[in-house]
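Reader: I'd like to learn how to read salt bridges and strands in a model. Can you walk me through it?

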Amino acid sequence: MAFLTVQGRSYACEALIFDKDGTLLDFMELWGRWADEMLRQTEEKLTVAGGQWTGSAERTFGIVRAPDGRIADYDRSGPLALATAEEMTGVLAWQLYGAGIPWHQSVDAIRGFAASAEETMERERPVRPLPGLVAKLEQARAAGLRIAAATSDTTESALRHLRWAGLDGWFDSVQGRDRVVEGKPAPDLVHEACRRLGVEPAQAIVIGDGGADMEMARRAGAALAIGIAPNGGPRGHLSAADYVIGGYGELEIAAGK
């Protein structure tokens with residue numbers, strides 16, 4: 001048994017379950033580049049088909065653009081932040097279908113764009129752990145805590161990104177949306193992580209940057225749901241969290257006596 005202290009209060013726990021994107025890894029560093037590539041290719045396809053965005057690219061992706069057109073931020077409750085790969089394929093394929101491209105060709109095109117974007121990411125490996133994360137993982141390991149990652153990404157992709165960041169050796173279990181029946185905000189990912197770690201949900205603390213993470217923790221019966229809003233990011237979507245922190249320096253982990 002170990003103790004995690006946040007905002008002056010200590011909680012006994014046996015495991016930490018982390019979301020991946022925006023919690024372990026800088027979201028914009030990784031998915032901002034992916035979205036830039038997907039946006040460019042989808043817009044080119046729409047132009048060739050003589051169509052345009054239904055609504056806007058910003059609403060479709062859940063992004064905020066800088067004056068120069070680059071993706072500068074994202075909606076923490078939007079599709080880029082929360083959608084699975086299959087859901088994002090459907091969202092973008094619908095745009096192409098609306099431009100007159102048959103559905104099967106639209107799906108094939110988006111899958112091709114995604115494969116191309118993945119190749120770019122494989123070359124560039126745009127990952128950056130959040131500040132203070134490694135020190136906190138060291139504390140958790142020293143205190144005897146079990147550590148898991150639970151993400152809406154696929155397990156294969158999650159393992160690859162953690163490997164790029166040099167973080168893969170810290171986790172006792174990594175599970176993606178493909179390992180459960182229902183993704184976030186359903187409790188399945190927490191339950192699966194706890195099963196693999198050999199702990200009860202009531203002994204685990206969930207840390208994430210999204211409202212779906214907090215709801216997942218509550219539905220699973222986790223001991224605590226901690227929201228993280230790095231870089232002074234918005235916090236309104238984390239209203240269901242027990243605590244909201246701005247960085248890992250606000251947490252302390254120690255072995256029980």
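Author: Let's start with a definition: a salt bridge is a side-chain nitrogen of Lys or Arg within 4 Å of a carboxyl oxygen of Asp or Glu. Here the side chains of Arg218 and Asp242 meet in one, at 3.3 Å from N to O. Before going on: this is a predicted model, where local features need pLDDT of at least 70 and side-chain atom pairs count only at pLDDT 80 or more, while totals for chains, interfaces and linings use all residues. Residues are numbered from 1 along each chain as its sequence is written, and side-chain values use heavy atoms, with hydrogens and water left out.

Reader: Which parts of the chain does the pair Arg218 and Asp242 link?

Author: Helices (H or I, at least four residues) and strands (E, at least two) are DSSP runs, numbered from the N terminus. Arg218 sits in helix H9 (residues 211-220), and Asp242 in the loop between strand E9 (224-228) and strand E10 (243-245), so the two are 24 residues apart and link distant parts of the chain.

Reader: How many salt bridges are there by this rule?

Author: The count is 24. Another one joins Glu192 to Arg195, with the closest N and O atoms 2.8 Å apart. These two are three residues apart in helix H8 (residues 188-197), about one helical turn.

Reader: Are Glu192 and Arg195 buried or exposed?

Author: Buried means under 20% relative accessible area, exposed over 50%, and partly exposed in between (1.4 Å probe, protein chains only). Glu192 is buried at 13%, whereas Arg195 is exposed at 56%. Back in the pair we began with, Arg218 is partly exposed at 46%, and so is Asp242 at 36%.

Reader: Now strands. Which way do the side chains of E9 point?

Author: In a regular strand the side chains alternate between the two faces of the sheet. In E9, Leu224, Ile226 and Ile228 point one way, Ala225 and Gly227 the other, and all are buried. With five of its five residues buried, E9 is largely enclosed by the rest of the structure.

Reader: Which strands are joined to E9 by bridges?

Author: Two strands pair if DSSP finds at least two bridges between them. Four bridges join strand E8 (residues 204-208) to E9, and the two run parallel. Val206 stands opposite Ala225 there. The chain crosses from E8 through H9 to E9 in a right-handed β-α-β crossover (with the strands pointing away from the viewer, the path from the first strand over the helix to the second runs clockwise). E10 also runs parallel to E9, joined by three bridges, and Val244 in E10 is the bridge partner of Gly227.
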